[in-house]
Amino acid sequence: MAERARADAVRNRERLLRAAAAAFASADGPVSLEGVAREAGVGIGTLYRHFPSREALTEAVYRTELAEVAASAAQLLDRHPPATALRRWMDRYAEFVAAKRGMAESLRAVFESGAVTPGDTRASIVGAAELLLAAGAAEGSLRIDVRADDLVSSMLGITLASSSTEQTQRMLDLLAAGVAAR
């Protein structure tokens with residue numbers, strides 16, 4: 001019976017993370033934890049058992065999504081040529097950054113506490129970019145002189161400075177064209 005409860009707890013945690021990620025992505029201001037619990041189909045007590053504070057929930061959502069963005073590079077390479085995989089990964093990264101706007105205050109507290117460091121985030125994202133760039137360079141579709149750190153800085157600048165999703169897409173297209181082999 002204990003294993004069953006454990007499976008339910010894991011399922012509830014996953015549902016809470018999905019509901020919180022969706023709420024943070026669509027929020028213009030603070031996210032209601034009661035609303036997250038309701039959307040996940042659990043009570044507020046269950047949310048607090050898994051995540052004792054708003055910051056704990058924010059950290060878990062951030063870590064989960066960061067891991068998914070980083071892992072998506074290899075998944076995309078399995079299904080697409082490197083240049084296509086890179087461009088699709090750029091879109092995934094832009095979605096990741098855009099979704100953080102709704103959790104900015106809580107995320108700031110998580111960074112200030114040291115629970116997550118910008119260096120850890122950057123290393124994970126740069127590692128994914130390195131994988132994509134190396135595959136494209138080996139295949140001949142991407143330039144060999146592009147540094148992953150430069151690519152990530154460019155992507156971050158685009159996602160933070162763009163005034164619309166359409167502009168983000170246009171700018172990412174320009175960046176992808178700039179790293180394509182000539």
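What percentage of the 182 residues in the protein do buried residues make up? Then turn to the largest pocket: which residues lie closest to its centre, and which helix gives the most to its lining?

A: Start with the whole. This is a predicted model. Buried residues make up 38% of the 182 residues in the protein. The secondary structure is nine helices and zero strands. Along the principal axes, the C-alpha trace spans about 60 × 40 × 30 Å. Among contacts with a separation of 6 or more, 68% join residues 24 or more positions apart.

Now the confidence. The mean pLDDT of the protein is 90, and 96% of the residues score at least 70. Helix 9 has the highest confidence, at 96, and helix 6 has the lowest, at a mean of 78. Keep helix 6 in mind for what follows.

The largest pocket holds about 400 Å³ of space. Its lining has 16 residues, and those closest to the centre are Tyr62, Tyr93, Val97, Thr121 and Leu156. Four helices each supply at least two lining residues: helix 5 (82–99), helix 6 (104–113), helix 7 (118–139) and helix 8 (148–161). Helix 6 gives the most, with four residues. That is the helix with the lowest confidence in the protein. Where pLDDT is low, predicted coordinates should not be read in detail. By class, the lining divides into eleven nonpolar residues, four charged and one polar.

Take Thr121, one of the residues closest to the pocket centre. Thr121 sits in helix 7. Its relative accessible area is 12%, so Thr121 is buried, the limit being under 20%. Beyond four places in sequence, Thr121 touches Tyr62, Leu66, Phe111 and Val116.

Thr58 lies in helix 4. Thr58 counts as buried because its relative accessibility is 0%. With residues up to four places away left out, Thr58 touches Phe24, Met103, Ser106, Leu107 and Val110.

Now the nonpolar core. The largest core has 51 residues, and Leu86, Trp89 and Leu151 have the most contacts inside it. Helix 1 (2–26), helix 2 (33–40), helix 4 (54–79), helix 5, helix 6, helix 7, helix 8 and helix 9 (165–179) each supply at least two core residues. Leu86 is in contact with Leu132, Leu133, Leu142, Leu151 and Val179, neighbours within four places aside. Its partner Leu151 is another of the residues with the most contacts in the core.

Finish with Met171. Met171 lies in helix 9, where confidence is highest. At 34% relative accessibility, Met171 is partly exposed, because the value falls between 20% and 50%. Met171 touches Ile158 and Ser162, with residues up to four places away not counted. The C-alpha atoms of Met171 and Ser154 are 9.7 Å apart, across 17 residues of sequence.

Methods:
Residues numbered from 1 in each chain as written. Predicted model: local features only at pLDDT ≥ 70, side-chain atom pairs only at ≥ 80, totals over all residues. Heavy atoms only, no water. 1 Å grid on protein atoms, 1.4 Å probe; cavity = no way out; pocket = protein on both sides within 12 Å on 5 of 7 lines; lining within 4 Å. Points joined across faces, edges and corners; volume = space filled by probe spheres on them. Nonpolar A, V, L, I, M, F, W, Y, C, P; charged D, E, K, R; others polar. Buried < 20%, exposed > 50% of the residue type's maximum accessible area, 1.4 Å probe, protein only. Contact = heavy atoms within 4.5 Å. Core = buried A, V, L, I, M, F, W, Y, C linked by side-chain atoms within 4.5 Å. pLDDT = per-residue confidence, 0-100.
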